[in-house]
Amino acid sequence: METINIMLGGVGGQGLVLTTDVICKAALKAGYNVKSNDVIGLAQRGGMVWGSVRIGKEVHSPNIPVGKTDILLGLEPLEAQRWEHLINKDTKLIVNTREIHPTPSLLEKKEYPKDEIADLFERYESYISNFSADAKKFGNIKAANTVLLGVMAQFLPISTDIWKETLRENVPEKAIEVNMKAFDYGYENFKPKS
Amino acid sequence: MNNQEKIALTGNQGIARGFYEAGGLLAASYPGSPTVEILDSIKEYKEVYAEFSTSEKVALEVAIGGSFAGVRSMASMKHVGVNIAADPLMTFTQTKTNGGFVLLSGDDPGMASSQNEQDNRVLGKFANMGILVPGDAQDALDYTKAAFDISEEYHMPMMVNITSRVCHSRTPVVLGERREVEPRTFEKDVERYCMIPPHTHKLQYSMKERIEKLQELAYSSELNALEEREGADTLVVTSGLVYHNLKELDLNLSIYKLGMVYPISPKKIQELSEKYQRIIVIEELMPVIENEIKLMGVECEGKKYFSFTGELHTEDIEEGLKKAGVVQERKTTDLEPVDSVKRTPLFCAGCPHRPVFDILKKLRKRVIGDIGCYSLAMLEPFKASDSIISMGATVGITKGMTKANALVGKSEPLVSVIGDGTMFHSGLPGFVNLLHQRDENDNMTFIILDNRTTAMTGGQATAASGNYTAEDDMSVDIKTIIQSMGHDNIKEIDQFDYESAKKVITEETNKPGISFIIAKRPCALKFKIQENTFYVNPNVCIGCRNCVKTNCPPIRMKKYHNIEKLKSSIDPDMCVGCSVCAQVCPVDAIQPKGQHPDHSKKGSAKYKRQEYQKMNLNNEDSK
């Protein structure tokens, strides 16, 4: 198997580190080698955060080489757009369209790049939705990332049983049910257009 | 747990597990990125004594005590933490180590979350320690165990130096069992433990011998791995994550991966230099390995091809090797990030620092900042922090600037801001020092941002946290401690009562003398605000942007239906109900949900007063 490279972009506080952790654990359970990265520290206060996961037989560096991203998981649209230089024409984009405006646009110094982002989704194979709103319907807005994982799961050689087992082991007890629903919703409702 | 089962651990978790498996018994740390999760993880092990001490210096001393008493002990800290711990370290390392001792230092090439980029391998050598550098979580686990074994066998304090990327990177790890180690005893031996001149003279020689013995170990140790490629005429010497980034290129090179970067075996290097035409050293930051090899009289190259600053990614390594003529054509491409809107960190919704810095910005005061979440005040839109140097430095700097200004006939009121954690870490000696040559004309205001936690690193306790949370056991009263020093002008404020807080800060900064203001609202991440969220009535909003300028994540200008001008808006999913925006609004356009839009100003004042009383402020005995 070729190495699968997953790039994650998000905003501090969105749960990117936990999402990265769940992907790693699921991949390892499925018998693959895995390496990941994520930034934590100063960036957690509403700043940009990113992570990378590489899944394969033999993985050396946790960093994704430029242009080699297979799946770009955007927890927020601007934070997906930020990593455009890492993707290629075959990259799949899975992005939560719920906008979180950064300081320059809050202060009206820079416009939030809505058009550029919409254009990005046009140019690549994109699976987009307001996953936060979807998760809210299931009872917890924090399960948005689990919907993203559900969408992504259909493109990875990891069974849904393994994904669900991993989620059960890593989310708080009372949030398990919501996360199962969120995962199924993502898995079933965003099929590739063939 | 099945021993052969692989689990994904971060480098930090690997260190914690290594400490545990090595039979480690005592661990101390001070929270700092990138190493904070090490002690967080060690705390999970019940057999172990673990503490976040009040500073890295204290943490190191606690670990020295553990080692003296004969048990395996570790102090973990970020790179700059070793600076404050350097005083005990430099003298302790002269002693013949009793219980295994490891100093875990977390470097930050590229400065993801640090105020400088110092290479602590230099400090490790300076302190005559052996230095191990892990490249992934398995290394982190294995090397920590190895470090304890070496420490006890060679009576040598060891440094494990890990970089931020490895701290946070997750890689598969095979776990082992914990091995209980027979504790040694502390025998009275003044020559060994009392570091006074006649004793220390001899120790200079014993430290040198220790390093020489470790050089012999380095020759044969499995920590250092030689991967030879048939027909290769170039040898790369490297360590840590750089090794893995290099492997990504799959080049026709031999690689000598150093697990122990200091000391290096001269015999091994000599042998290798006879076998290979070229030796190229690839390492992040300073030319530490390169210089060691050159000191052995062996020719090698390194920093002339690779950057002295930042991380060395696979792309950087390939580019450097191309410059060296080892790679003919690049396979990888360089990063060319898209020029998108930047997202700098900002105060959280409900952050108690927001009103303080909004007030300071409006008062246009010079603010001497410090290390913590409140460092963010230097950014737009507050720009209310004019210097950030190191933990606790604001206090001395504020005094020094005030005295210097007076000498040259200038008078400028200065404001110093410091968090509770930073104050306990190293602000208190500065506070005492203010009493020395006190001049009534000096105008200094010290604002203590007592948010009851070490917020930036994830909410670890401070020495005052026990006043508020049952699980924390240190309950130092900040006001009492400052009062007992002899400072008499101390005010407490609830910064969520914006006008009252502004009045106190204005008065104190305008009058000469030394003032202390304790801002008592807690961190919004650790102590959730349970209030109604707020909303903007666009028909009342005049578009003045007072609320927007507090830079709260949910607040921005928006186009409303049927309203021509942009009006403010609050995202209800992100608002936590702190009420600060409502209080800076001049027309009461911002109201708590459920309240009628035309609710009088009195109504919101009442809401505030209730909160104010909850804070239990005590200003009676202050002047």
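Visitor: What kind of model is it, and how are things labelled?
Guide: This is a predicted model, in which local features need pLDDT of at least 70 and side-chain atom pairs count only at pLDDT 80 or more, while totals for chains, interfaces and linings use all residues. Residues are numbered from 1 along each chain as its sequence is written, and chains are lettered from A and ligands numbered from 1 in the order in which they are written.

Visitor: How is chain B divided?
Guide: Into domain 1 (6–220), domain 2 (225–323), domain 3 (353–519) and domain 4 (534–614); the bounds come from an automatic or database domain assignment.

Visitor: How far apart are domain 1 and domain 4 of chain B?
Guide: Their C-alpha centres lie 51 Å apart.

Visitor: Which residues touch the most other members in the largest nonpolar core?
Guide: Leu132(B), Met158(B) and Val160(B), out of 145 residues. Domain 1 and domain 2 of chain B both give residues to this core, so it lies between them. A nonpolar core is a set of buried Ala, Val, Leu, Ile, Met, Phe, Trp, Tyr and Cys residues joined through C-beta atoms within 7 Å. Buried means 20 or more other C-beta atoms within 10 Å of a residue's own, exposed 12 or fewer, partly exposed in between, with C-beta atoms placed from the backbone.

Visitor: What other core is there?
Guide: Another core, of 72 residues, lies apart from that one and includes Phe446(B) and Val584(B).

Visitor: Switching to β15 of chain B: how many of its residues are buried?
Guide: Six of the six, residues 414–419. Leu414(B), Ser416(B) and Ile418(B) point one way, and Val415(B), Val417(B) and Gly419(B) the other way. Strands here are DSSP runs of E, at least two residues, and helices are runs of H or I, at least four, numbered from the N terminus.

Visitor: Which strands does β15(B) pair with?
Guide: β14(B) (residues 366–368) is parallel to β15(B) over three bridges, and β16(B) (residues 443–449) is joined to β15(B) in parallel by six. Pairing requires that DSSP finds at least two bridges between two strands. Ser416(B) has Phe446(B) as its bridge partner in β16(B).

Visitor: Last one: is Leu321(B) buried or exposed?
Guide: Leu321(B) is buried, because 23 other C-beta atoms lie within 10 Å. Leu321(B) sits in helix α13 (residues 314–323) of chain B. From Leu321(B) to Val580(B) is 259 residues in sequence and 55 Å in space, C-alpha to C-alpha.
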